[in-house]
Amino acid sequence: MKDRSIHILNFVGLGFFEPAIRLAAGEETKKNLIALLKKVFLPVLSVGLFLVLWHAGASYLYNVEKDFKIERAKEASGDAGVALELKRIETGESSINSLPSPGAVLAAFKTLLADHRSITAKKAAFKEKVAATNAKREEQGLEPITYTGRPSFVDQIFTSLKTVFAGFFLALFLAVPVGIILGLSSTLRSSFNWLIQIFKPVSPVVWFLLVYMIVKTMTLSYNGDVSFIISFIAVGLCAMWATLVNTTLGVSTVDKDYINVAKVLNLGVGQKVFKIVLPSSFPLIFTGLRITVSVAWMVLIAIELLSQSPGLGTFVWEEFQNGANDSNAKIIAAMFVIGIIGFLLDRLMFTVQKFVTFTEEAAA
Amino acid sequence: METLEQKGIRRSDNGLFEDKYMLDISQLTKIYPTPKGDYVVLDDLDLKVKHEEFISIIGHSGCGKSTLLTMIAGLNPISRGTIIANNETVRGPGPDRGVIFQSPSLLPWMTAYDNVMLGVKQVFAHGTKKDRDDIVKYYLSKVGLEDAMYKKAKELSQGMQQRVGIARAFALKPKVLLLDEPFGMLDSLTRGELQDVLIEVWNQEKITAIMITHDVDESIFLADRVIMMTSGPRAKVGDILEIDFERPRLRKDVLEHPDYYKYREHLIDFLEH
Ligand SMILES: Nc1ncnc2c1ncn2[C@@H]1O[C@H](COP(=O)(O)OP(=O)(O)O)[C@@H](O)[C@H]1O
Ligand SMILES: [Mg+2]
C-alpha cells in the first residue's frame with residue numbers, strides 16, 4: 001500500500017509527498033524528516049514569504065493611492081474635503097484600484113464560487129421552467145430554448161479547457177505527422193526550413209488575426225460557435241511548433257546503431273518507421289507535446305480575449321474593463337487559477353509521457 | 001582431394017572448383033575524406049575466408065577493424081577493391097551476412113522475443129507464423145534465455161542483452177556472421193560465459209564467422225585463424241596465425257595445450273611491435 005502510493009505519486013510527478021508517507025509509516029525518521037523539510041516545508045515557507053511580501057506591497061500601494069486622494073481633496077476643499085474623502089473611501093464610493101491584497105483575492109475567489117453556485121441554480125431552474133415548452137418545440141421540429149445568461153467563472157474555466165484541448169489535438173495531428181515526414185527526408189527538411197523558421201516566432205495575436213481572416217470568410221453561412229473555432233485553431237497553430245521541431249529532430253537523429261540494425265535486418269520502410277524510428281523518438285516527441293500544452297495554455301488567454309470566446313481570457317478582459325471594487329482581486333484570482341491549471345496540465349502530460357516512453361530518464 | 005578440402009576449396013555441383021571461398025576480399029581500400037584531406041584507413045587489403053571457418057581479427061585500436069567489418073556487412077561504402085561474399089559482390093547489407101555489434105543494439109522498448117522476431121519476420125516472410133515462433137524460441141533457448149524471453153530488452157543485463165544479440169543474428173540463418181568486439185563491454189566472467197554460448201551455437205550451425213576482438217585469449221580460443229592487422233593508416237593484413245586445436249574445443253583443454261603459450265606469445269609479440 002505504502003510503496004504503491006509512493007510509486008503512483010512519483011509517477012504523476014508529485015514525488016514531494018514521498019517523505020511524508022515514509023514518515024507516517026515510521027521509516028528512517030531522521031532522513032525522512034530532513035527530506036520532508038526540504039521538499040515540503042521549505043516550499044511552503046517560500047509561499048508564505050511570498051504572501052507576506054505581497055501583502056506588504058499591496059498595503060503600501062494602497063496607502064500611496066489613498067494618501068494621494070486625500071492630498072488632492074485637501075487641496076480642493078480643505079479639512080472638510082479630507083473628512084468627506086475618508087468617508088467615501090470607507091464606503092467604497094471612491095475606489096482605490098491598486099494591487100489587491102491576498103485576503104481580497106481570497107474573498108474575490110469565494111465570491112466567484114458563490115456566483116457560480118447561484119448561476120448553476122438559475123440554470124437548473126430555467127431548465128425546469130422550459131422543459132415542457134422544449135418538449136413541445138422538439139415535436140414541432142424547432143430548436144430548444146437554451147439558457148443565454150452570463151456564464152459563471154467555472155463555466156469559463158471549462159470553456160478554456162475545451163479550447164486548449166481542441167487546440168492541442170489540432171497541433172498533435174498537424175505537427176506529429178509533418179514532423180515525421182520532415183525528419184525522414186533531409187530534402188524536405190531543408191525545403192521547408194525557411195517557412196518553419198519564419199512562422200515559428202509569429203506572435204499569438206497575429207496568428208489570431210490570420211485565422212480570423214480565413215475562418216471568418218469560410219464560416220459566412222455558418223451560425224455555430226465561430227469564436228470557439230477561431231480560438232482553438234489559433235491556439236493550435238501557435239502551440240504546434242515545439243512539437244513539429246522536436247518530432248523532426250527526434251526522427252532525424254535516431255541512434256545510428258538502431259538504423260544499422262534496421263539495415264542489417266533488412267527492414268522495409270514501414271517497419272523501420274513504426275518499429276524503430278517512432279519509438280525511439282517518442283521521448284523527444286513528448287517533450288515537444290509537453291511544451292505545446294504549456295504554450296497553448298499560455299497563449300489561450302490572449303487569444304480568447306481577442307476572439308471573445310467565453311473563457312478565462314474574456315473573463316480577465318471584462319473584469320479589467322469593468323473596474324468594480326473587486327475587479328482587480330478577481331483578475332488575480334483568475335491568474336492563480338490559470339497558473340494552477342497550467343501546472344496540472346503539465347503534470348498530466350508528464351504522466352502520459354512516462355507511460356509511453358521507454359526510458360524514464362528522458363522524461364525529466 | 002583431401003588437401004584441396006583443407007585449403008577450403010570445394011568441388012561445386014558442376015565439378016568446377018569455383019566455389020572456393022565464402023568471403024573473398026581483394027585490394028580493398030577505404031578512404032575517409034576529412035577536413036585535413038583524405039585519410040586512407042585500409043590500403044589494398046586482401047583476405048580470403050573459407051567455408052565454415054572461424055577467423056578472428058586483432059589489431060591496434062583505430063587501425064580500421066570496424067571499418068573492414070562494416071564494409072563486409074554492407075553498411076559502409078567501399079572506396080576501391082571488391083568484397084565477394086557467398087559468390088556475390090557486396091553492394092549493401094543482406095540477409096546472408098549477420099552482424100553482432102559491440103553494444104547489443106537491441107530495441108529497448110521491445111521484449112527479447114520481439115527483438116529476435118523483428119528480423120525473423122523479414123527473412124522468413126513466407127513461412128508460417130508457427131515456424132517463425134519456433135525459430136525465435138529455439139534460438140533464445142539456445143542462448144539460455146528461455147525464462148527471460150518476454151522481458152523488455154532494457155530490463156536485461158548487458159550480458160543477457162548480448163545473448164539476445166547472438167540469438168537475433170543466428171536466427172536469420174546467415175551464411176557469414178560478423179562480430180565487432182561483441183564481448184568488449186562485458187566483465188571477464190560474463191565474457192567467458194558468452195564465448196561458450198557463441199561457440200556452442202556456432203558448432204551446431206557451422207557458418208563462417210569473422211570476429212574482431214582485442215582479447216588475445218579470446219581470439220585463440222575461438223578462431224581457426226587469427227588475422228593480425230598492421231597499425232594504420234594504410235593498414236593491411238600483417239600476419240596470420242593458424243590455430244590447430246581440435247574442435248569442439250573445451251576451454252580447459254585449450255589452456256592446458258602445450259601450443260597455447262606459443263600462439264599467445266606470437267600474437268603479443270606482433271601487437272607489441
Ligand atoms: N566516418 C569516419 N570518418 C572519418 N574517419 C573515420 C570514420 N570512421 C572511422 N574513422 C577513422 O578511421 C580509423 C579506423 O577506425 P575504426 O575502423 O573504427 O578502427 P578500429 O575498429 O580498428 O578501432 C580511425 O582512425 C578512425 O578515426
Ligand atoms: Mg572498432
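In what order do the elements of chain A run from the N terminus on? In this predicted model, in which local features need a pLDDT of at least 70, side-chain atom pairs count only at pLDDT 80 or more, and totals for chains, interfaces and linings use all residues, the elements of chain A run α-α-α-α-α-α-α-α-α-α-α-α, that is, 12 helices and 0 strands, where helices (H or I, at least four residues) and strands (E, at least two) are DSSP runs numbered from the N terminus. Residues are numbered from 1 along each chain as its sequence is written, chains are lettered from A and ligands numbered from 1 in the order in which they are written, and side-chain values use heavy atoms, with hydrogens and water left out.

The model scores ipTM 0.83 and pTM 0.78. For chain A, the radius of gyration, taken over C-alpha atoms, is 27 Å, whereas a compact globule of 364 residues would have a value near 21 Å by the rule of 2.2 Å times the number of residues to the power 0.38. Along the principal axes, the C-alpha atoms of chain A fill a box of roughly 95 × 70 × 50 Å. Buried residues (under 20% relative accessible area, with exposed meaning over 50% and partly exposed in between, for a 1.4 Å probe and protein chains only) make up 38% of the 364 residues in chain A. Of the contacts (heavy atoms within 4.5 Å) in chain A between residues at least 6 apart in sequence, 71% join residues at least 24 apart.

Aromatic rings were then considered. Rings of Phe, Tyr and Trp (its six-membered ring) pair if their centres lie within 6.5 Å, and planes under 30 degrees apart count as stacked, over 60 as edge-to-face and the rest as tilted; by this rule there are 19 aromatic pairs over all chains. The pair of F126(A) and Y147(A) is edge-to-face because the ring centres are 5.5 Å apart and the planes stand at 70°. This pair links distant parts of the chain, 21 residues apart, with F126(A) in helix α4 (residues 102-139) of chain A and Y147(A) in the loop between α4 and α5 (153-184) of chain A. F126(A) counts as partly exposed at 23% relative accessibility, and Y147(A) is partly exposed at 27%. The pair of F228(A) and F232(A) is tilted, since the ring centres lie 5.4 Å apart and the planes are at 35°. F228(A) and F232(A) both belong to helix α8 (residues 226-252) of chain A, 4 residues and about one turn of the helix apart, and both are buried. An α-helix has 3.6 residues a turn, so residues three or four places apart point the same way. Elsewhere, ring pairs link F50(A), W54(A) and F336(A) into a cluster.

A charge sits over a ring if NZ of Lys or CZ of Arg is within 6 Å of the ring centre and within 35 degrees of the ring normal. The charged end of K162(A) is placed in this way over F228(A), 4.7 Å from the ring centre, and that of R347(A) over F350(A), 4.8 Å from the ring centre.

In chain B, pLDDT (the predictor's confidence in each residue, from 0 to 100) averages 90, and 93% of the residues score at least 70. Confidence in chain B is lowest in helix α1 (residues 2-6), at a mean of 47, and highest in strand β8 (residues 208-212), at 97.
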